[in-house]
Amino acid sequence: MTNSWVNWAGDQRCTPAAIAEPGSPEEVAALLARAEAAGHTVRVAGSGHSFTDTVCTDGTLMRLSKLNRIHSVDRASGLVRVDAGLTLNAASNSLHPLGLAFPNLGDIDVQTIAGATATGTHGTGAKLQNLSAALHSVEMVLADGSRVELNEQTDPDGWRAARVNIGALGVVTAVTLQMVPSFVLEGIERPLPLEDVLADLDSHVDGNEHFEFYMFAHSDIAMTKRNNTVQLPEQPRGRAVEWFSDILINNHVFDALCRLTRRTPALIPRVQQFSALAGSYRRQVERSYRVFASPRLFRFTEMEYAIAREHSVDAIREIKEVAKRFDTVMPIEVRWVAPDDAFLSPAGGRATCYIAVHQYAGMEYEPYFRACEAVFDRYGGRPHWGKRHFQTAATLAERYPEWERFAAVRRRFDPNGRFANPYLDRVLGPTR
């Protein structure tokens, strides 16, 4: 195995002194002991779908690919015990035949459960929380090799810290998930005038279980998507239709258009207008996880911020105007989630609107993202922990009411900074 690691987007890489793939908590503990003896810090990689340098280390990098089993399923209560390295997609495929599903998912489901929850990954739904809220219990191996089981009864603060932990507390090896009965979604994608959507935004957000939209800087069209539970049998799309829509059009054709605008930025407005109009009406009736998620084959980088829901319309309009000043062909994505109580959840304690901006691989992202971040800052925005931002512990602490409680858990679990790296030192501060 080569001692190098690169993320999915290809824009974060590191060369650890050692890369290991433990297959049990005992092996994790042994690796931590070896890392301490060698003076290595330790980071843990899931599927590499974070856009930040959160995983990068020159010490020991653990990969969770061998921790990928389902241990127990209680169909009556919906509690499911799984390894932390199991991917969201693998869990969905295995649990659906048993009548269980995640209550919500994002539009990508290849992440590991540990990675998705540690960064506060989310879907959309005004009454639905982010994925980490499904963590009923968390098994973690600490820097000293001890194994702890964190839940609301055993360690309330540890549990609230562990649900969104950015890899700062220990190595999550297993979790107990609170699942819901399997369900079928009707997904309807429909282009609508953006101003019409914003004029009646609450009815769209509150009138659907899941509502989101994409918009482009140079188009007046919002590409809306609403997903709602229906009591209908699944109606799987044919393989040819699925390939044409999800692979050819949404990936290969759009990738080709992005490449074209990278060479000729003057074409961006016309490509965006074409892409928005090409988003024609589509209806899908399928098991939930197949409606929530779709493949992403082309590479990009991303920034996403959580702001209080009441600022949705103003912030959306401002970000759209900012995007007009920069060369980016990529869309802006807007979603909503319910509040939760994880200490470092970007949606902690408030109904939340998420706004995500993207830049195609190989195109300059920093000036655009910094201009967007200036808007998010004015609204007290909190960055998605797995996506690009330029914040520091000094700028973030005041945005999280429970910041000091997380810091106290971190000092308790990792007093010597075994799991630290430059990213965590920057965004959380040093442990000592």
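Reader: A salt bridge here is a side-chain nitrogen of Lys or Arg within 4 Å of a carboxyl oxygen of Asp or Glu. Which residue does Lys387 form a salt bridge with?

Author: Glu304. This is a predicted model, and in it the closest N and O atoms of Lys387 and Glu304 are 2.8 Å apart. Lys387 sits in the loop between β20 and α12, while Glu304 belongs to strand β17 (residues 300-308), so the bridge ties together parts that are 83 residues apart in sequence.

Reader: Are Lys387 and Glu304 buried or exposed?

Author: Buried, both Lys387 and Glu304.

Reader: Why would side chains like that pair at all?

Author: Opposite charges can pair when the charged atoms come close.

Reader: How many salt bridges does the structure hold?

Author: There are 34. One of them joins the side chains of Asp11 and Arg388, at 3.1 Å from N to O.

Reader: Where do Asp11 and Arg388 lie in the chain?

Author: In distant parts, 377 residues apart. Asp11 is in the loop between β1 (5-6) and β2 (13-14), and Arg388 is in the loop between β20 (382-383) and α12 (393-396). Arg388 is buried at 12% relative accessible area, whereas Asp11 is partly exposed at 29%.

Reader: And which residue does Arg163 meet in a salt bridge?

Author: Asp341, with 2.7 Å between N and O. The loop between α4 (156-162) and β11 (171-178) holds Arg163, and the loop between β18 (332-337) and β19 (352-360) holds Asp341, so this pair ties together parts 178 residues apart in sequence. Arg163 is buried, with a relative accessible area of 2%. Asp341 is partly exposed, at 35%.

Reader: Which residues are linked with Arg163 and Asp341 in a network of salt bridges?

Author: Asp157, Arg160, Glu402 and Arg405 belong to that network along with them.

Reader: Change of topic. How many disulfides?

Author: 0.

Reader: Which residues form the nonpolar patch on the surface?

Author: Trp243, Phe244, Ile249 and Val253, with about 370 Å² of accessible area together. Val253 is part of helix α7 (residues 239-263) and is partly exposed, at 33% relative accessibility.

Reader: Now Ile221. Buried or exposed?

Author: Ile221 is buried, since its relative accessible area is 19% and the cut-off is under 20%. Its place is in strand β15 (residues 221-229).

Reader: What does Ile221 touch?

Author: Leaving aside residues up to four places away in sequence, Ile221 touches Pro191, Leu192, Pro193, Leu194, Tyr214, Met215, Ala276 and Leu277. Leu194 is 27 residues from Ile221 along the chain, yet their C-alpha atoms are separated by 5.1 Å.

Reader: Last one. Which residues does the "FAD-binding PCMH-type" domain annotation cover?

Author: Residues 12-182, according to an unreviewed UniProt entry. Over that stretch the chain is 20% helix and 27% strand, and its end C-alpha atoms are 36 Å apart.

Terms used. Residues numbered from 1 in each chain as written. Predicted model: local features only at pLDDT ≥ 70, side-chain atom pairs only at ≥ 80, totals over all residues. Heavy atoms only, no water. UniProt positions renumbered as here; feature names shortened; annotations may be inferred. Helix = DSSP H or I, 4+ residues; strand = E, 2+ residues; numbered from the N terminus. Patch = residues over 30% accessible without salt bridge, like charges linked within 9 Å, V, L, I, M, F, W, Y side chains within 5 Å. Areas by Shrake-Rupley, 256 points an atom, 1.4 Å probe, with all protein chains shown as cover. Buried < 20%, exposed > 50% of the residue type's maximum accessible area, 1.4 Å probe, protein only. Disulfide = S-S within 2.5 Å. Contact = heavy atoms within 4.5 Å.
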